[in-house]
Amino acid sequence: MTRVSADDWQRAVLGEISGGGPQGDPPAARQETGTAAPPPDLAPSLDKAPAVPVVAPDRSPQPVPPLAPEVAALATGRPVRGDATSARALRALRSLFASSSAADVERAKRVAAVLQKPVTTGRQIVVTSVHGGAGKTTLAALLGTVYAHHRPDPVLVVEANPTLGTLPVRLGAPVLRWSADEFAKVVTPHMRFDQLIGYLVGLPDGGWLLPGSKGQIGAQLSLADYQRVAVAVRRFFAITVVDCQTLPGELARSAMAGAQARVLATPATPEGVAATRAVLDWMAGLPRPMRRGTVVALTQPGPRPALNAERAAELLGGGDVRVVPVPYDRHLARGGRISTGLLGRATHEAVTSLGADLLDLATRR
């Protein structure tokens, strides 16, 4: 095993990806199948790192679907597009007579350049909220998909939520086997990348997922387990997006403190803005302030605006916090797996802009 310097971690990880796993299977093939079987017990490498212990077959979690078949069958009709037919037709008509403005082209180039920015160490971005129903999980899924699409290096999405979350469904995970709390009990600091991904779920749109509860009551990710997982995966993944529990939970506060960037999902309602403003004020008074590394995602809960978004952004921003409005999207509102090709144009632009803002903040620390 060839040693590499600490600042050349990406070359090491990408080399493991291109070199395939211990059985010669290319990781891309393993990702397409969505397998999450436990890794084999490999011989110690040349640097004398101990092998990863084998989990006995009778103790290996059985794969389960993100949704029970009878529940998945309840969905009716096809997924809808985020933009209505009339809006798409009008946009197509306008494109026949006018090309994209120079400002639009320049903005798209800037956002893409930031999303593809190289990083020297793994960066963790935590998504949380003050109340449920703010679109926190949907934002985490969208951010993970955006980073996986734009970047050649590995991207991971972690579900650090003790409730029955919907992140695997939103990401289109084929099956679930290892939950975050189960993974925390077997992960070791000496795991190689090809061993580690045996415990993860390969996603159809790229990237990897470490699920939380697997749709079962009783699974609890403790703070100690989360911290162990976060340390173990950081050196392998350029970006880790964490769908965290809502504030003021202890795990959420710890995850936010350890992240390089944070997202506060805020419904565009007066009570949502009030609660988030209180959280931002609390952040500013901490011994280790987190306010400057936080972006507010102002999510519109319905097709009709419930408040003045520009004024809300002024109240929340205060000059040192970025506020990114995320419009209502019909495709996202129906639930189920997110298809980026069906997102409305304004939603796509808002999410990519949010991803660029977060990575810009994360790479400054």
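How many of the seven residues of strand 1 are buried? I started my notes with that strand.

**Entry 1: ground rules**

I am working with a predicted model, in which local features need pLDDT of at least 70 and side-chain atom pairs count only at pLDDT 80 or more, while totals for chains, interfaces and linings use all residues. Residues are numbered from 1 along each chain as its sequence is written, and side-chain values use heavy atoms, with hydrogens and water left out.

**Entry 2: strand 1**

I looked up strand 1 (residues 123-129) and found seven of its seven residues buried, so the strand is largely enclosed by the rest of the structure. I take buried as under 20% relative accessible area, exposed as over 50% and partly exposed as in between, with a 1.4 Å probe and protein chains only. Helices (H or I, at least four residues) and strands (E, at least two) are DSSP runs, numbered from the N terminus.

In a regular strand the side chains alternate between the two faces of the sheet. I checked both faces of strand 1: Arg123, Ile125, Val127 and Ser129 are buried on one side, and Gln124, Val126 and Thr128 are buried on the other.

**Entry 3: the sheet**

I then followed the pairing, where two strands pair if DSSP finds at least two bridges between them. Strand 1 is parallel to strand 5, with five bridges, and Val126 has Val242 as its bridge partner there. Strand 1 also runs parallel to strand 6 (residues 261-267), again over five bridges. In strand 6, Leu264 stands opposite Thr128.

I wrote down the strand order of the open sheet as 3-4-2-5-1-6-7-8, eight strands with mixed pairing. Strand 3 and strand 8 (322-326) are the edges, each pairing on one side only.

**Entry 4: helices on the sheet**

Helix 15 packs on the sheet and touches strand 1, strand 5, strand 6, strand 7 and strand 8, with its direction at about 160° to that of strand 8. Angles run from 0 to 180 degrees between N-to-C directions, and axes are lines fitted to C-alpha atoms, for helices over the stretch in contact. Helix 12 (residues 270-284) lies across strand 6 and strand 7 (294-299) and runs at about 155° to strand 6.

I picked Thr347 from helix 15 (residues 345-362). Thr347 is buried, at 2% relative accessible area. Leaving aside neighbours within four places in sequence, Thr347 is in contact (heavy atoms within 4.5 Å) with Pro327, Tyr328, Asp329 and Leu332.

**Entry 5: aromatic pairs**

Which rings pair with their centres 5.6 Å apart? I used the rule that rings of Phe, Tyr and Trp (its six-membered ring) pair if their centres lie within 6.5 Å, with planes under 30 degrees apart counted as stacked, over 60 as edge-to-face and the rest as tilted. The count comes to four aromatic pairs.

Phe183 and Tyr199 have ring centres 5.6 Å apart and planes at 55°, so the pair is tilted. Phe183 is in helix 8 (residues 180-186) and Tyr199 in the loop between helix 9 (193-196) and strand 3 (201-202), so the pair ties together parts that are 16 residues apart in sequence. Phe183 is buried at 0% relative accessible area, and Tyr199 is buried at 1%.

Phe193 and Phe237 make a tilted pair too, with centres 5.7 Å apart and planes at 55°. Phe193 lies in helix 9 and Phe237 in the loop between helix 10 (223-234) and strand 5 (239-244), so this pair ties together parts that are 44 residues apart in sequence. Phe193 and Phe237 are both buried. I also noted a cluster of Trp178, Phe183 and Tyr199, linked by ring pairs.

**Entry 6: cores**

A nonpolar core is a set of buried Ala, Val, Leu, Ile, Met, Phe, Trp, Tyr and Cys residues joined through side-chain atoms within 4.5 Å. The largest has 47 residues, of which Val126, Phe183, Leu196, Tyr226 and Phe237 touch the most other members. Helix 10 gives the most to this core, with five residues. A second, separate core has 45 residues, among them Leu142, Val201, Leu332 and Leu343.

Val201 belongs to strand 3 and is buried, with a relative accessible area of 1%. From C-alpha to C-alpha, Val201 and Pro174 are 8.0 Å apart in space, and they are 27 residues apart in sequence.

**Entry 7: whole chain**
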